[in-house]
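Here is a short tour of how two protein chains come together. Have a look at the sequence and the model first, and then we can walk through the interface.

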2 protein chains.
Amino acid sequence: MKVELENVKPMEIEARSFEIITEELGNTVLAPGTELIVKRCIHTSADFDYAKNLCFSEGVVEKALEAIKGGASIVTDTQMAKSGINKKALARYGGQVYCFMSDEDVAQTAKKNGTTRAVASMEKAAAMGEDLIFAIGNAPTALIHLYEMIREGKIHPKLVIGVPVGFVNVVQSKELIMQTQAPYIVARGRKGGSNIAACICNALLYMIDNRR
Amino acid sequence: MKVELENVKPMEIEARSFEIITEELGNTVLAPGTELIVKRCIHTSADFDYAKNLCFSEGVVEKALEAIKGGASIVTDTQMAKSGINKKALARYGGQVYCFMSDEDVAQTAKKNGTTRAVASMEKAAAMGEDLIFAIGNAPTALIHLYEMIREGKIHPKLVIGVPVGFVNVVQSKELIMQTQAPYIVARGRKGGSNIAACICNALLYMIDNRR
């Protein structure tokens, strides 16, 4: 079979990709102000399901951009997501990216309390008392624990990105977080992942950059 | 809405997830010996398309396991994939995980030659002269350059995991790599990603562990 390559310069690949995504979305209706986030999730996964499954709480994009500009840090539940988030862009506003999953004290707390390390990670984050954005791409237990801590008034996240992926309590964890008062961006259903969590963080960072 | 959580212990979540995946795959036919890889990709993405789009060259799984046991290292095109690969498991057989994308010399070579950094990374890997597995989860240009170097006899990869994601030359890059004599695991079409690249590496590592 003859394979024909498209002649696109390295610097133009991303722009051309977004053109194709926009074309193929056709008349699909996206909530105003969320388009860049939705399209970047499709760009990251080549999965157009994200045009339908992403849910945004009211005014969440503006709140998220304000939080980042105000120096909020990001806590995530995987080293992969931490690795994928544009840390230089975030640092320009004063924020850092944390992942506590491999920390020795988190392993000990989890063992002592009989929880997942993801839950213990969220406890550690809550104890920081900082302005935080949570980007959960893997562990529904982390999202469920955030739900509980928000309900108990123990934390007040600036944003919860709820995109764990999988088959056990993933769907439910997302429905729970959407019942809180926290600003959220959630991929309803089973899909998501560390790549999607990082991608949503980066989409927000690039939106600030493009507005300047 | 009342949300009902499934009562599954932390240690049992993965096993329960694989049960659900197996159930939902139903009568879908998977190539013998590839089942664990396919199911782990579905586990990582919650996307059953991987039951259809993953392509395996003849005998590739056995060849890949032999390569790992023989101490082959893994070269990947993103820090995210590097972060996601189980480096401790690989190190037990003597291999390491490399990602050259952020290296200063790679940036310079790319600039000098007018290529992507992904292409320059592949050049750097080829020059190592080691037994290598390539795990490409992002850049079709990396996969296309591997195709060219394989055809020219400059490299003889032990395995090419070809799972870049996206819209420009992604589909084509995968068709090209499948025309070579290199052992390959490819996600045909647009889908893939760093998460899928890491997941396939880990699936292979866990297959060795489970056979012992």
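How much area do chain A and chain B bury between them, and what share of it is on carbon and sulfur atoms? In this predicted model, the two chains bury about 3400 Å² between them, with 67% of that area on carbon and sulfur atoms. Three residues stand out on the chain A side: A:M80, A:F167 and A:V168 supply 22% of the area that chain A buries against chain B, more than any other three residues.

Counting residues gives another view, with 42 residues of chain A in contact with 43 residues of chain B.

Which helices of chain A each supply at least two residues of the side that touches chain B? They are listed here with their residue ranges.

| Helix of chain A | Residues |
|---|---|
| Helix 1 | 13-25 |
| Helix 2 | 35-45 |
| Helix 5 | 79-84 |
| Helix 10 | 170-177 |
| Helix 11 | 194-211 |

Helix 1 gives the most to this side of chain A, with 6 residues. Sorted by class, the side of chain A that touches chain B has 19 nonpolar, 15 polar and 8 charged residues.

Now for the symmetry. Chain A is superposed on chain B by a rotation of 180 degrees with 0.0 Å of shift along its axis, and the RMSD is 0.0 Å. That is the relation of a two-fold axis. In chain A, the C-alpha nearest the axis belongs to A:M80, at 2.5 Å from it. A:M80 is also one of the three residues named above for their share of the area that chain A buries. Of the interface residues of chain A, 100% are also interface residues in chain B, so the copies meet through the same surface.

Finally, a word on the annotation. An unreviewed UniProt entry places the feature "domain: Cobalamin biosynthesis precorrin-8X methylmutase CobH/CbiC" at residues 12-207 of chain A. Over residues 12-207, chain A is 53% helix and 11% strand, and the end C-alpha atoms lie 19 Å apart.

Conventions: Residues are numbered from 1 along each chain as its sequence is written. Chains are lettered from A and ligands numbered from 1 in the order in which they are written. This is a predicted model: local features need pLDDT of at least 70, side-chain atom pairs count only at pLDDT 80 or more; totals for chains, interfaces and linings use all residues. Side-chain values use heavy atoms; hydrogens and water are left out. Contact means heavy atoms within 4.5 Å. Buried area is the accessible area (1.4 Å probe) that two parts lose on being put together, summed over both. Helices (H or I, at least four residues) and strands (E, at least two) are DSSP runs, numbered from the N terminus. Ala, Val, Leu, Ile, Met, Phe, Trp, Tyr, Cys and Pro count as nonpolar, Asp, Glu, Lys and Arg as charged, and the others, Gly among them, as polar. Copies are superposed by least squares on the C-alpha atoms of residues with pLDDT of at least 70 in both. UniProt positions are given in the numbering used here, feature names are shortened, and annotations may be inferred rather than shown by experiment.
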